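Keep the sequence and the 3D view side by side as you read.

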Amino acid sequence: RGRGLDFVELRPYLPGDDTRNIDWRASARSGKPQLRVYAEERERPTWLIVDQRIAMFFARRGALRSVVAAEAAAIWGWRALAGGDRVGGIVFGDDGIDQVTPRRGRRALLHLLSRLVARNQALRADSAPPGEPTQLDAALALLAKQAPREAIVAIFSAFDGLGPATRSRLLALSRHNDLVLLPVWEDPATLRPARIVVSDGHLQVPVKHAQAEVRARLATAAQTRMQDVLNLRAELGCAVLPLLTSAPTLVQLARGLDGRAPAPKFPDVPGEHSTDHGR
């Protein structure tokens, strides 16, 4: 994109350097040709899209999905800020959406994190889930109105409600931005038969998880959702970095960004996985 505007240092002129960058005043003072060195401007807006719906209020082991998503977003935000990027984002729950426009400095990130903490602490086991999980599409539609370009868009979610409209919005974002999907799941290898009670916030029903047929159906449903998200890597040309609730978030992010994090795979023996709003 051409020369940057950030001045780095003065250094002696070397054969082959661009003579247009010679600082003639500094050269006159020192008696030797001095070159002004510039660095390409690398600042990019970073949008953190964080899911804090009731479907994220679940985990069989380790931290809740909602907590893993919040931790990963905070780590990503501080790292982007340290790199000189403008940071902001969208935090959405079942009952609303909070938006913080990316800006330089700590204030915008701290504002975003405060909204994230508020929505995380508002999650309760007796909260009634919505009839249809539409807030992911609503958050993406709000982001599209900002028309981000050349931005980094990182989405931390279990992708509850993923459908054709979601794919269409993600495709539009991926055309002009670097899109990264970070699905938050349980590690299938750690799931074992256990007593499960599923609730809609008002009523509860036990699930006969000890029965092999029930475990197989739950595992198939979970694996189908997982594969739908992983398929977006080829469909959209974006990065997909799965995060597990059973491992430290910082370690997973480091491995994922380094390309060393394999996608979780279900074991041969069917394991339990939550239904859409079970907790």
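The buried residues of α4 pack against β3 (45-51), β4 (86-93), β5 (96-103), β6 (152-157) and α5 (164-176). Helices (H or I, at least four residues) and strands (E, at least two) are DSSP runs, numbered from the N terminus. This is a predicted model: local features need pLDDT of at least 70, side-chain atom pairs count only at pLDDT 80 or more, and totals for chains, interfaces and linings use all residues. Residues are numbered from 1 along each chain as its sequence is written, and side-chain values use heavy atoms, with hydrogens and water left out.

**Helix α4**
- Helix α4 spans residues 135-145, and its buried residues are Gln135, Leu136, Asp137, Ala139, Leu140 and Leu143. Buried means under 20% relative accessible area (1.4 Å probe, protein chains only).
- Just after α4, alanine 147 has a positive phi of about 50 degrees.

**α4 with α5**
- The axes of α4 and α5 come within 10 Å and cross at roughly 25 degrees. Axes are lines fitted to C-alpha atoms, for helices over the stretch in contact, and angles run from 0 to 180 degrees between N-to-C directions.
- α4 and α5 are therefore roughly parallel to each other (angles under 35 degrees).
- Leu136, Asp137, Leu140, Ala141 and Leu143 of α4 make the contact with Ala165, Thr166, Arg169, Leu170 and Leu173 of α5. Contact means heavy atoms within 4.5 Å.

**α2 with α3**
- Helix α2 (residues 65-82) and helix α3 (residues 106-122) pack at about 180 degrees, with axes 11 Å apart.
- α2 and α3 are therefore roughly antiparallel to each other (angles over 145 degrees).

Methods:
Buried < 20%, exposed > 50% of the residue type's maximum accessible area, 1.4 Å probe, protein only. Parallel < 35°, antiparallel > 145°, perpendicular 65-115°, else oblique.
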